[in-house]
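Reader: Could you walk me through a few features of this model?

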Amino acid sequence: MGFIYPDHAAESDYGHAARLLGMDLPVVHIYGTDLHAVPELMDLGSPAKLAQGAALLAAQQPAAVVWACTSGSFVFGPDGAADQVDRLAAEAGVPASSTSFAFVHALAALGCRRVAVAASYPRDIAELFANFIAAHGVTVAAMGDAGIPTAAEVGRLTPSQIRDLALGNDVSGTDALLIPDTAMHTIAQVDELERLLGKPVLTANAVTVWEGLRIAGIAGRATGLGTLFEDSP
C-alpha cells in the first residue's frame, strides 16, 4: 500500500511502523500551506493535489492508497470526505481511504463507542474532527485542543509534551483516546500511552497504517503499535 502525506512533519512514523511490521510502506508528498485553517486544509485535500499524490505512487504499484491527513479529510465533512476517497480511488485505480475514515473503522474494529479526543489543532478545527467522529455513531465525551496553528509546530512536539497532551485530555468512562494529527510523532509512544491510560490510544499515523493494511487485505499484526495491531481483526 502507499501513503500520500502532506508536506513534512512526522513522516518518519511510517518508516518506524514499517520496521515493526516487516514490510515496505512507501510515502510520497504533496505540498501546500500547513496552516490548520479551513480554506488551507480544503486546498491541501483538493482533487488536484491528491491526483498528484496518486501519480507519484503509481510506480510503486500499490494495492491500496491512503490520504495520510486527518484535517485535510474531515474538513470536508462526512459526505465530502467520502467523495474525496472515492475520487482518489478512481484516480489511483485501487481502493483508497483517508486518516479520518481510518479512525472510524478502527473504532468499529475495537468496538469503541465512547471516546475522548486530545487534539493539537485550534479549537474550531478540533470541533470539526469531533463532529466527524460523532456523525459515524461514536460519542465524543470530552475534547481538548492545544491550539497549535501549523503542522510544522506539531511535528516539533516532544514525547513529554505528547504524553502530557494525552494524559491531560483523557477522561474516565471512555473506551479510547484519539490523537488525530498525522503531523505528530506518535508511533513510538502508542504502547506507553496505552499502559499509562489503561485503554486503546488511537493516533493518526498508527490508524492510517492500519487502514492501509485493511483496505489492501493484508494481515499486519505487530507488537509496539498498540492494541489496534494486536487484537482487531
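Author: Happy to; what follows is a short exchange about a predicted model.

Reader: How far apart are the end C-alpha atoms of helix α11 (residues 204-216), and what span should its 13 residues have?

Author: Let's start with the expectation: at 1.5 Å a residue, the 13 residues of α11 should span 18 Å. The end C-alpha atoms agree with this, being 18 Å apart.

Reader: How many of the residues of α11 are buried?

Author: Buried here means under 20% relative accessible area. Among the residues of α11 that qualify are W210, E211 and I215. The helix is mostly covered, with a buried count of 11 of its 13 residues.

Reader: Is α6 (residues 99-110) roughly parallel or roughly perpendicular to α11?

Author: Good one! The axes of α6 and α11 come within 8 Å and cross at roughly 80°. Angles of 65 to 115 degrees count as roughly perpendicular, so α6 is, relative to α11, roughly perpendicular.

Reader: How do the residues of the contact of α6 with α11 divide into nonpolar, polar and charged?

Author: On the α6 side, the residues include F101, F103 and H105, while W210, E211 and R214 are among those in α11. Together, the contact residues divide into eight nonpolar, three polar and two charged.

Reader: Is H36 buried or exposed?

Author: H36 sits in the loop between β2 (27-30) and α2 (38-44). Its contacts include Y121, I148 and D181, and a polar atom of its side chain lies 3.2 Å from the backbone oxygen of I148. With a relative accessibility of 6%, H36 counts as buried.

Notes. Residues numbered from 1 in each chain as written. Predicted model: local features only at pLDDT ≥ 70, side-chain atom pairs only at ≥ 80, totals over all residues. Heavy atoms only, no water. Helix = DSSP H or I, 4+ residues; strand = E, 2+ residues; numbered from the N terminus. Expected span 1.5 Å × (residues − 1). Buried < 20%, exposed > 50% of the residue type's maximum accessible area, 1.4 Å probe, protein only. Polar contact = N/O pair within 3.5 Å; in protein donor to acceptor, adjacent residues only side chain to side chain. Contact = heavy atoms within 4.5 Å. Axes fitted to C-alpha atoms, helices over the stretch in contact; angles between N-to-C directions. Parallel < 35°, antiparallel > 145°, perpendicular 65-115°, else oblique. Nonpolar A, V, L, I, M, F, W, Y, C, P; charged D, E, K, R; others polar. Lists of a residue's contacts leave out its neighbours within four places in sequence.
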